[in-house]
Amino acid sequence: MLPSPTPKKNHTRLGLILAIATALSFGTSGALAKGFIDAGWTPGSVVLARIWIAAIALAIPTLIAMRGRWGVLRKAWPIVLLYGTLAVAATQLFYFQAVVTIDVGIALLIEYTAPVAVVIWVWVRSRVRPSGATFIGAAIALLGLAVMLNVFSGVSADPAGVLWAFGAMIGAAAYFILSARQDIGVPPIALAGFGLFVGGTVLGIAGAFGILPLHASTDPVTYAFGSVPFWIPLLALGLVSAAIAYVLGIVSTRMLGSRLASFVALSEVVAAVLYGWLLVGQVPGFMEIIGGALILVGVIIVKLGEREVDALA
């Protein structure tokens, strides 16, 4: 008779499923946003609408989750404030500042080195050296990311743009590090709700001061399958790629830990390519397929490396 899976294995398996669901949810944002940008929206307007729709959608669930726990929030408010400012607002704002002067591929590559920053942070905090498999998997995954983003041709590296992109990377790393905190006592849905409210407020202030250009339109939005009223994909953008994605991201990261969750999140790039194919007709090329395969191989190796560390713990 085969032994039944241990609770920890079941916990990790569910965490991986939720992490992949998170990547699939976040991955819709690029293809959905492209329809709005083609319709005359600025990227900043798309992001601001996305974040505020999500914050409003999570308002009531957040209040319900916090019943009897407001004392916890009073103690955890610095973490909530950091989450909203760094993980939500800074990541978006710094990325858009970066692509003003450097190629999108380079900006994304720098931002998506966040898993490396997470590995170093966990290493320093826990004093437990990552396994060799973790380093190998990280290198393969980042190579795959570079191949997918085609950063080996036409590279532009304006110093200011690179610094903005590194700022976005720090925000992305903060997302995983803060999401993994289970000691603060704030439920995942409440952390997401409050964080989106803070992030939306910060981005709104940036827009009011002209730091984040804002312009929107009520014209229909066009995708590969035809045109639709703007509010339909806008709701999908806010509910699927933000509200659901942030909640699932916090839950899965608390299950997997920040290190493994950050590498699984690289599959978001693969999901974004697939959604781009389905929604806006951007057929992935051979190198994008190869890059996606390398990312998935790297994530699998990182997972095996996590198992080695657990065995030694």
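This is a predicted model: local features need pLDDT of at least 70, side-chain atom pairs count only at pLDDT 80 or more; totals for chains, interfaces and linings use all residues.
Visitor: At what angle do helix H4 and helix H9 pack, and how far apart are their axes?

Guide: Angles from 65 to 115 degrees count as roughly perpendicular, and angles under 35 as roughly parallel. Here, H4 (residues 70-98) and H9 (residues 188-208) pack at about 50°. Their axes are 7 Å apart. That angle makes H4 oblique to H9.

Visitor: Is the crossing left-handed or right-handed?

Guide: H4 passes H9 in a right-handed crossing.

Visitor: Which residues in H4 and H9 meet?

Guide: From H4, the residues include Trp70, Leu73, Val80, Tyr83, Gly84 and Val88. From H9, they include Leu191, Phe194, Gly195, Val198, Gly199 and Val202. By class, the contact has 15 nonpolar and 4 polar residues. It has no charged residues.

Visitor: Now the backbone. What is the phi of Arg127?

Guide: Start with the general idea. Most residues other than glycine have a negative phi. Arg127 is not a glycine, yet its phi is positive, about 60°.

Visitor: Where does Arg127 lie? Is it buried or exposed?

Guide: Arg127 sits in the loop between helix H6 (114-126) and helix H7 (132-149). Exposed means over 50% relative accessible area. Arg127 has 75%, so it is exposed.

Visitor: Which residues does the "domain: EamA" annotation cover?

Guide: The UniProt record, an unreviewed entry, places it on residues 14-149 and 160-302. Take residues 160-302: this span is 73% helix and 4% strand. Its end C-alpha atoms lie 32 Å apart.

Definitions and conventions: Residues are numbered from 1 along each chain as its sequence is written. Side-chain values use heavy atoms; hydrogens and water are left out. Axes are lines fitted to C-alpha atoms, for helices over the stretch in contact, and angles run from 0 to 180 degrees between N-to-C directions. Helices (H or I, at least four residues) and strands (E, at least two) are DSSP runs, numbered from the N terminus. Angles under 35 degrees count as roughly parallel, over 145 as roughly antiparallel, 65 to 115 as roughly perpendicular and the rest as oblique. A crossing is left-handed if the near helix is turned anticlockwise from the far one by less than a right angle, and right-handed if clockwise. Contact means heavy atoms within 4.5 Å. Ala, Val, Leu, Ile, Met, Phe, Trp, Tyr, Cys and Pro count as nonpolar, Asp, Glu, Lys and Arg as charged, and the others, Gly among them, as polar. UniProt positions are given in the numbering used here, feature names are shortened, and annotations may be inferred rather than shown by experiment. Buried means under 20% relative accessible area, exposed over 50%, partly exposed in between (1.4 Å probe, protein chains only).
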